[in-house]
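Keep the sequence and the 3D view open, and try each task before reading its solution.

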Amino acid sequence: MAGQNVSLMPPPLSALHFPLSSNFSASPTVSESSSHLNTSQQQEVEAGDGSHHDELPVIARSVSVAALSVLILLSFHGNMWVVLAILLRPHLRGAMANIFTVSLCCVDLLASTVSMPLSLLTLAAGPRAISEQ
């Protein structure tokens with residue numbers, strides 16, 4: 001092992017291949033990948049728009065919005081009940097672990113009231129609807 005060059009670092013992202021869809025070949029160049037695309041897809045690739053990759057199908061978006069809505073409600077109510085239970089019970093307030101639990105619940109409440117609804121808005125309206133305003 002002394003003479004071998006062993007790298008523990010992962011490969012750079014530029015060396016990895018992440019296919020965007022089955023319509024593209026392994027090479028990301030426009031000239032090679034656009035030869036088997038129809039005219040509208042070829043124009044989008046040449047324009048560099050990438051718009052067909054940003055949109056989710058309507059059913060997938062609806063299911064995602066419903067799942068995130070349920071997650072927001074469960075997160076808010078569950079964390080609120082934990083905070084109330086610890087704060088209203090004197091024997092639970094004394095333990096240092098429960099104070100830490102209340103701190104984590106407060107951060108999670110903040111996430112479920114600020115960050116997650118904004119993500120829900122972005123998911124429901126689409127990424128372009130917010131950036132165009």
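The exercises go from the whole chain to single residues.

This is a predicted model, in which local features need pLDDT of at least 70, side-chain atom pairs count only at pLDDT 80 or more, and totals for chains, interfaces and linings use all residues. Residues are numbered from 1 along each chain as its sequence is written, and side-chain values use heavy atoms, with hydrogens and water left out.

**Exercise 1. Confidence**

Find where in the protein confidence is lowest and where it is highest.

Solution. Start with pLDDT, the predictor's confidence in each residue, from 0 to 100. Its mean for the protein is 74, and 53% of the residues reach 70 or more. Next, go element by element: helix α1 (residues 30-33) has the lowest confidence, with a mean of 46, while helix α4 (residues 58-88) has the highest, at 94. Finally, look at residues 27-34, where the pLDDT is below 50; this stretch has 9 contacts in the model beyond near neighbours in sequence. A contact here means heavy atoms within 4.5 Å.

**Exercise 2. Overall make-up**

Work out how many helices and strands the protein has, and what share of its residues count as buried.

Solution. Count DSSP runs, numbered from the N terminus: helices are H or I runs of at least four residues, and strands are E runs of at least two. That gives 7 helices and 0 strands. Now turn to burial: buried means under 20% relative accessible area, exposed over 50%, and partly exposed in between (1.4 Å probe, protein chains only). Of the 133 residues, 15% count as buried. Then take the contacts between residues at least 6 apart in sequence: 50% of them join residues at least 24 apart.

**Exercise 3. Around Ile86**

Ile86 is in contact with Arg93 and with Asn98; describe the setting of these two partners.

Solution. Arg93 first: its element is helix α5 (residues 90-93). With 42% relative accessibility, Arg93 is partly exposed. Beyond neighbours within four places in sequence, Arg93 is in contact with Ile86, Leu87, Leu88 and Ile99. The Arg93 side chain also reaches the backbone oxygen of Leu87 at 3.0 Å. That is a polar contact (a pair of N or O atoms within 3.5 Å; within protein, one must be able to donate a hydrogen and the other to accept it, and residues adjacent in sequence count only if both atoms are side-chain atoms).

Asn98 belongs to helix α6 (residues 96-125). At 19% relative accessibility, Asn98 counts as buried. Its contacts, again leaving aside neighbours within four places in sequence, are Ile86 and Leu92.
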